[in-house]
Amino acid sequence: MAELTSAGLGAALPGLAAHLEAQAAFLNEADARLGDGDLGVTMQRGARGLIEITDDLPDDLGMAFMRCAQAFTKTSGSSYGTLLATGLMAAAKACKGREAVPWSETSALLGGALEAMMARGKGALGEKTVLDVLEAVRAATESLDAPGPLHQAALKATEETMERMRSQPARQGRARMFAEKSVGLDDPGMLAFRALLEGLKG
């Protein structure tokens, strides 16, 4: 597929949703070490929301991204779900009125999502959050224009960022209250982002 389309997005959603369902217990457990222990539930509910819209996505890619954003906010009021929806809404705005977007624009779309998420969550890079992996993926995909290499680079950048930041304390969100305990642990939000990427491999 030379470009990202609403049909292509819709085709990817069932596999993504199935993987998020499978990862729910793991994400809950990881989140329980540093937070409320409900991150897996958030992703699971979002996954089920995505399944509901799979067969009813508009041709307008921007509107399709907006429907995905709504799927994550419809059934969950969690901060992580809201943050993901914010990123998706930024992508929706950038793609509004377009039925196809070249893969070469992936990095720019991620950059727009990152800016929106930083503004919404009042977060900054270097605080051991999902923002750090998102920035790493944005940078790693900057010169790529095909889905296979994009996916491989995104996963590699995510894993490398998680490994680099694992020994650091959390400085943002609920996890910052367990800063010392967070040293040596992966940030749950990063794990959830990795699960999203893994679910898109098909």
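What follows is a set of questions and answers on one predicted model.

Biologist: What kind of model is this, and how are residues numbered?
Modeller: This is a predicted model, where local features need pLDDT of at least 70, side-chain atom pairs count only at pLDDT 80 or more, and totals for chains, interfaces and linings use all residues. Side-chain values use heavy atoms, with hydrogens and water left out, and residues are numbered from 1 along each chain as its sequence is written.

Biologist: Of the contacts with a separation of 6 or more, what share joins residues 24 or more positions apart?
Modeller: Contact means heavy atoms within 4.5 Å. Among contacts with a separation of 6 or more, the share from residues 24 or more positions apart is 68%.

Biologist: What percentage of the residues is buried?
Modeller: Buried means under 20% relative accessible area, exposed over 50%, and partly exposed in between (1.4 Å probe, protein chains only). Of the 202 residues, the buried share is 49%.

Biologist: How far apart are the mean positions of the positive and negative charges?
Modeller: Lys and Arg count as positive, Asp and Glu as negative; His and the chain ends are not counted. Each charge is placed at NZ of Lys, CZ of Arg, CG of Asp or CD of Glu. There are 21 positive and 26 negative charges, and their mean positions are apart by 6 Å.

Biologist: Which helices are included in the cover over the buried residues of α6?
Modeller: Helix α6 runs over residues 130-140. Its buried residues are Val130, Leu131, Asp132, Val133, Leu134, Ala136 and Val137. Their cover includes α4 (79-95), α5 (106-121), α7 (147-165) and α9 (188-199).

Biologist: How many disulfides does the structure hold, and how far away is the cysteine sulfur nearest to that of Cys68?
Modeller: A disulfide is a pair of cysteine sulfur atoms within 2.5 Å. The structure holds 0. Cys68 is buried at 4% relative accessible area, and Cys95 is buried at 0%. The nearest cysteine sulfur to Cys68, that of Cys95, lies away by 11 Å.

Biologist: Is Lys128 buried or exposed?
Modeller: Lys128 sits in the loop between α5 and α6. Leaving aside neighbours within four places in sequence, its contacts include Met165, Arg166, Pro169, Leu185, Asp187 and Met190. At 3% relative accessibility, Lys128 is buried.

Biologist: Is Lys122 buried or exposed?
Modeller: Lys122 is placed in the loop between α5 and α6. Its phi is positive, about 55 degrees, although Lys122 is not a glycine. At 69% relative accessibility, Lys122 counts as exposed.

Biologist: Which residues does Gln44 touch, not counting those up to four places away in sequence?
Modeller: Gln44 is in helix α2 (residues 39-53). It is buried, with a relative accessible area of 19%. Beyond those sequence neighbours, Gln44 touches Glu21 and Ala24.

Biologist: Which residues does Leu196 touch, not counting those up to four places away in sequence?
Modeller: Leu196 lies in helix α9. It counts as buried at 14% relative accessibility. Its C-alpha is separated by 21 Å from that of Arg33, 163 residues apart along the chain. With the sequence neighbours set aside, Leu196 touches Leu16, Leu20, Met43 and Leu84.

Conventions:
Helix = DSSP H or I, 4+ residues; strand = E, 2+ residues; numbered from the N terminus.
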